[in-house]
Amino acid sequence: MSSSSLFTSSLSGSSAAPHPLTPYGWDADWEAEFAPYAAQGLVPGRVARVDRGQCDVITADGTVRADTEFVTPRDPLKVVCTGDWVAVDADGADPRYVQTYLPRRTSFVRSTSSKRSEGQVLAANVDHSIIAVSLAAELDLARIERFLALGWESGGQPVVVLTKADLVPDAVTLGHLVEDVETAAPGVQVLPVSATSGDGVDVLAAVVSGGTSVLLGQSGAGKSTLANALAGADVMEVQAIRDVDGKGRHTTTTRNLIPLPGGGVLIDTPGLRGVGLWDAESGVGQVFSEIEELAARCRFHDCAHGAEPGCAVLDAVENGVLPERRLDSYRKLIRENQRIVAKTDARARAEMRRQWRLRGAEGRAALDAKRGRLR
């Protein structure tokens, strides 16, 4: 029986054993999406890692190496990435190619640091965004809010994990740190975790057991150590942070997909120095939901919350209801998001003009050729 036939039999309600890809998130909906490709004799699989024009794809018959030539378009947002479900050539093809990938349910996207302000997909088909924040350094609430905005925009549920909690042995101090983060993360679970002692790991494992999670954070946040704790094995290399400044090295250099023993799949990512927004207006609004609610009560519907009379947001700051730091962070992210959207729109218009010019040139060439035949 072929791999594609196995998918149909394993999810059709029969007494057959679960399909080998079920632990990686395969379900009846993915099967239905894949049906046209199964009819072509292609094999389904999930991308575990992408590098140098090739990728590792987990299939029913094991992990295969496949070429990504057909899934590397000019648009970086459409390039195949870790977490994608793909259609791969059947066993026997040499080389094997990823022919296409299934439409993504969700994707975690940030803007690149390039001057072209392009988007970069860090992970696809993600249910949870785990934002790892080290308690070995001073909390940067603004950075947490930035990660959260992207996490909400991705379509997944963000979770903030305060790693290295064993470095804060005083329960009262730890409680205050958790409360500080909770004020910056309304509606988000905040978990203090110590991979060293194991405290909190079981709680996090239960949270992420129901789907795919992407692990995000700066270098030195303890992501690889946390990944090993969740996996119950040393699946990721770990390096010590630098004593001179407390910063970590880039232990993880590619995105990797790891099945977890308690259920669920984890995508570990390299440490992120830059976390630029990418069309994350709704995500920003979710992070600062209390400001959005206050803004609805402002006298003017287009209030900029600067010096306008009847501004409910400024009143809340003045009355101590809303921390001024939150408003400053909100303004900064809104401005940044507006800039990136404007640049993206400008690029789209430029590309459209280029296509028009190209089609015009092709049309003129065709007309000249026709005239030449008529002479």
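## A tour from loop to sheet to helix

Start by selecting Asn 125, which sits in the loop between strand E7 (119–124) and strand E8 (128–134). A word on the labels: helices (H or I, at least four residues) and strands (E, at least two) are DSSP runs, numbered from the N terminus. The residue numbers start from 1 along each chain as its sequence is written. What you have open is a predicted model, where local features need pLDDT of at least 70, side-chain atom pairs count only at pLDDT 80 or more, and totals for chains, interfaces and linings use all residues, while side-chain values use heavy atoms, with hydrogens and water left out.

Stay on Asn 125 for a moment. Its phi is near 55 degrees, a positive value in a residue other than glycine. Is Asn 125 buried or exposed? Its relative accessibility is 6%, so Asn 125 counts as buried. Here, buried means under 20% relative accessible area, exposed means over 50%, and partly exposed is in between (1.4 Å probe, protein chains only).

Now jump to His 305, in the loop between helix H8 (289–295) and helix H9 (312–318). His 305 also has a positive phi in a residue other than glycine, near 60 degrees. Its relative accessibility is 7%, so His 305 counts as buried.

**Zoom out**

Show the whole protein chain. You'll find 10 helices and 13 strands in its secondary structure. Of the 375 residues in the chain, 44% are buried. Take the contacts (heavy atoms within 4.5 Å): of those in the protein chain with a separation of 6 or more, 64% are between residues 24 or more positions apart.

**The five-stranded sheet**

Next, select strands E1 to E5. They make an open sheet of five strands, ordered E3-E2-E1-E4-E5, with antiparallel pairing. Two strands pair if DSSP finds at least two bridges between them. At the edges are E3 (62–67) and E5 (98–101), each pairing on one side only. Averaged over the sheet and ignoring direction, neighbouring strands are turned by 45 degrees against each other. Axes here are lines fitted to C-alpha atoms, for helices over the stretch in contact, and angles run from 0 to 180 degrees between N-to-C directions.

Bring in helix H2 (residues 28–38) as well. H2 packs on this sheet and touches E1, E4 (85–88) and E5, its direction making about 25 degrees with that of E4.

Now follow the strands one by one:

- E1 (residues 43–51) and E2 (residues 54–59) pair antiparallel over six bridges.
- Arg 49 has Asp 56 in E2 as its bridge partner, and Arg 46 stands opposite Ile 58 in E2.
- The hairpin of E1 and E2 has two residues between the strands, and Arg 52 in the turn has a positive phi of about 55 degrees.
- E2 and E3 run antiparallel, joined by six bridges, and they too form a hairpin with two residues between them.
- Val 57 stands opposite Val 64 in E3.

The peptide bond from Asp 94 to Pro 95 is cis, with omega near 0 degrees.

**The six-stranded sheet**

Select strands E8 to E13. This open sheet of six strands runs in the order E10-E9-E8-E11-E13-E12, with mixed pairing. Its edge strands, E10 (189–192) and E12 (256–259), each pair on one side only. Neighbouring strands are turned by 25 degrees against each other on average, direction ignored.

Inside the sheet, E11 (residues 212–216) and E13 (residues 265–268) run parallel, with four bridges joining them. Thr 212 stands opposite Val 265 in E13.

**Two helices together**

How far apart are the axes of H3 and H4? They are 9 Å apart, and the helices pack at an angle of about 50 degrees. H3 and H4 are therefore oblique to each other; angles under 35 degrees count as roughly parallel, over 145 as roughly antiparallel, 65 to 115 as roughly perpendicular and the rest as oblique.

Show side chains here: Leu 141, Ile 144, Glu 145 and Leu 148 in H3 meet Asp 180, Val 181 and Ala 184 in H4.

Finally, select Arg 146, which lies in H3. With 13% relative accessibility, Arg 146 counts as buried. Its C-alpha atom is separated by 10.0 Å from that of Lys 332, 186 residues apart along the chain.
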